[in-house]
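Me: I have a chain open on my screen and would like to talk it through with you. Could you take my questions one at a time?

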Amino acid sequence: RIVNWRKKYKAEYQTRFGEKLSLSPLFTEAVIKALHDFPEINASFDGDRMIIKRSVNIGIATAMENGNLIVPVIKDAGHLNLQGLTTKLNDLTGRARVNKLKPDEIQGGTFTISNIGTFGNIMGTPIISQPQLAILALGAIKKKPVIQETQEGDIIAIRHMMFLSLSFDHRVIDGYKGGIFLNRIAHYLETFDNNRTI
């Protein structure tokens, strides 16, 4: 749904807002919703205590032109709509690629997203950036045949598929909590409202 929705609106979005609409802000939006549902993931671990953060500050791992990686941070991302997320993402990642970020723009992240699919990888295992508690890797989107259940019986359909990988600090987040958080992100992506307007 998300892939088709973006295809439908990307030209209009560019004309109306002067920004390229990628899938990244839509993925980020789903992550933010899930973090609001599970605030204990948007936290840090300090000694023997967990500190739940009020602000959702999303780090976006970005490959630079020189081959290095940097993680600009969208501060207060939970208060931004799709247009705000798109503008911030395009600005921060664009400047990150050419090493034009300010020091405070790479600090204060509470959760990080790494789009390893950019390089064609379908999945990977990212390492958390402490004191954050978790990091999400987005795999490449590929068309795959899948079996879907219908009232008339099972059918084989071609769908856009993507692997999500979550690494987390097991001192604070157990497999159950990490699993249901990851499942919630997938739920928001799979139930995206394709009747939504920009």
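Me: Happy to start with confidence: which element has the lowest mean pLDDT?

Reply: This is a predicted model, in which local features need pLDDT of at least 70, side-chain atom pairs count only at pLDDT 80 or more, and totals for chains, interfaces and linings use all residues. Residues are numbered from 1 along each chain as its sequence is written, and side-chain values use heavy atoms, with hydrogens and water left out. The mean pLDDT (the predictor's confidence in each residue, from 0 to 100) is 94 for the chain, and 100% of its residues reach 70 or more. Among the elements (DSSP runs numbered from the N terminus, helices being H or I with at least four residues and strands E with at least two), strand S5 (residues 73-74) has the highest mean, 98, and the lowest, 88, belongs to S1.

Me: Which Phe is in contact with Ile58?

Reply: Contact means heavy atoms within 4.5 Å. Leaving aside neighbours within four places in sequence, the partners of Ile58 include Val31, Ile32, Leu35 and Ile74.

Me: How are the rings of Phe111 and Phe181 arranged: stacked, tilted or edge-to-face?

Reply: Rings of Phe, Tyr and Trp (its six-membered ring) pair if their centres lie within 6.5 Å; planes under 30 degrees apart count as stacked, over 60 as edge-to-face and the rest as tilted. Phe111 has a relative accessible area of 0%, so this residue is buried (under 20%; exposed is over 50% and partly exposed in between, with a 1.4 Å probe and protein chains only). The pair links distant parts of the chain, with Phe111 in strand S6 and Phe181 in helix H4, 70 residues apart. The ring centres are 5.8 Å apart and the planes lie at 70°, so the pair is edge-to-face.

Me: Which residue lies over the face of Trp5?

Reply: Trp5 and Tyr9 are both buried, and their ring centres are 5.0 Å apart with planes at 50°, so this pair is tilted. Ring pairs link Trp5, Tyr9 and Phe192 into a cluster. A charge sits over a ring if NZ of Lys or CZ of Arg is within 6 Å of the ring centre and within 35 degrees of the ring normal. At 5.7 Å from the ring centre of Trp5, the residue is Arg196.

Me: Is Asn99 buried or exposed?

Reply: Asn99 is in the loop between H3 and S6, and its phi is near 60°, a positive value in a residue other than glycine. Asp76, in the loop between S5 and H3, also has a positive phi, near 50°, and is partly exposed at 34%. With a relative accessibility of 53%, Asn99 counts as exposed.

Me: Which residue does a cis peptide bond join to Gln130?

Reply: The omega of this bond is about 15°.
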